[in-house]
Amino acid sequence: MADDSNAKTMTIICTKGTLDWAYPPFILATTAAAMGLDVNMFFTFYGLNLLQKKLDLKISSLGNPGMKMPMMGMHMSMPNIVSTIPGVDAAATKMMKNLIKSKGVASIEELREMAVEAEVKMVACQMTLDLFEYTPDDLIDGPELGGAATYIEMAAKSDINLYM
Amino acid sequence: MSEHTLDARGLNCPLPILKAKKALKAVPTGEILEILSTDPGSVADFGAFCNQTGNELVSSNQDGDVYKFEIRHTA
């Protein structure tokens, strides 16, 4: 795709595997593709979660004072001591998913599907697969495997390079 | 009314843009796609989308809570 056009190109290194941090890379990748850019995503460490066949993404309010949820007309962050109580993260995840739905925000599954449709090229980090004992069978169809050099080669000729 | 319409009301960023891109594919070159949106961010975003892709933003209007865009498929 990148070879046959003068299209601008973008790469994103995706390093995070939580529900909230899954959004920026997929939103920007799909939007850039819609705007005619060739997009490459490189998934490493916890970012590899985003390529799992069955997504099971969660958020945690622990150590995250920036996460203020709208509640009863206010915005409330969770004290760390509350975040550590079993079930609190699950509840926060559920609350976030409800918010996502009610505000017309796409699900990560939906955005990922649109990225695949838009021919966003995805590369899964081979070392991360080895490290966390995953196999390509754990991932959706499509991503290629590669390492640091693969990413650097893409980035060296890309107009926009982002780390998330 | 354009004969090509995309109802993106209730959808949030970046869905109006993604759906518009998809819908434009079905619009013959030179014809206009009309888009309805309730996302206030879509005003700036459709301008940026058209600047980047070369499609022509023919009009951008607000009627109450609804934003209406007309994009001519030129690119």
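In the predicted model, strand β2(B) presents a covered face formed by L33(B), I35(B) and S37(B) and an uncovered face formed by I32(B), E34(B) and L36(B). In a regular strand the side chains alternate between the two faces of the sheet. Helices (H or I, at least four residues) and strands (E, at least two) are DSSP runs numbered from the N terminus. Residues are numbered from 1 along each chain as its sequence is written, chains are lettered from A and ligands numbered from 1 in the order in which they are written. Local features need pLDDT of at least 70 and side-chain atom pairs count only at pLDDT 80 or more, whereas totals for chains, interfaces and linings use all residues.

The open sheet of chain B comprises four strands in the order β1-β2-β4-β3, with mixed pairing; two strands pair if DSSP finds at least two bridges between them. Strands β1 (4-8) and β3 (56-63) of chain B are at the edges with a single partner strand each, so one side of each lacks a neighbour in the sheet. From one strand to the next, the twist averages 15°.

Strands β1(B) and β2(B) run parallel and are joined by five bridges, with E34(B) in β2(B) as the bridge partner of T5(B). The chain passes from β1(B) through α1(B) to β2(B) in a right-handed β-α-β crossover, that is, with the strands pointing away from the viewer, the path from the first strand over the helix to the second runs clockwise. Strand β2 (residues 32-37) of chain B is antiparallel to β4 (residues 66-72) of chain B, the two being joined by six bridges. Opposite R72(B) in β4(B) stands I32(B), and opposite I71(B) in β4(B) stands L33(B).

Helix α1 (residues 15-25) of chain B lies across β1, β2 and β4 of chain B and runs at about 160° to β1(B). Helix α2 (residues 42-53) of chain B packs on the sheet, touching β2, β3 and β4 of chain B, and its direction makes about 175° with that of β3(B). Axes are lines fitted to C-alpha atoms, for helices over the stretch in contact, and angles run from 0 to 180 degrees between N-to-C directions; contact requires C-beta atoms, placed from the backbone, within 7 Å.

The contact between the chains takes 11 residues from chain B and 11 residues from chain A. On the side of chain B that touches chain A, α1(B) gives the most, with four residues.

Key:
Two residues are in contact if their C-beta atoms, placed from the backbone, lie within 7 Å. A residue is buried if 20 or more other C-beta atoms lie within 10 Å of its own, exposed if 12 or fewer, and partly exposed in between; C-beta atoms are placed from the backbone.
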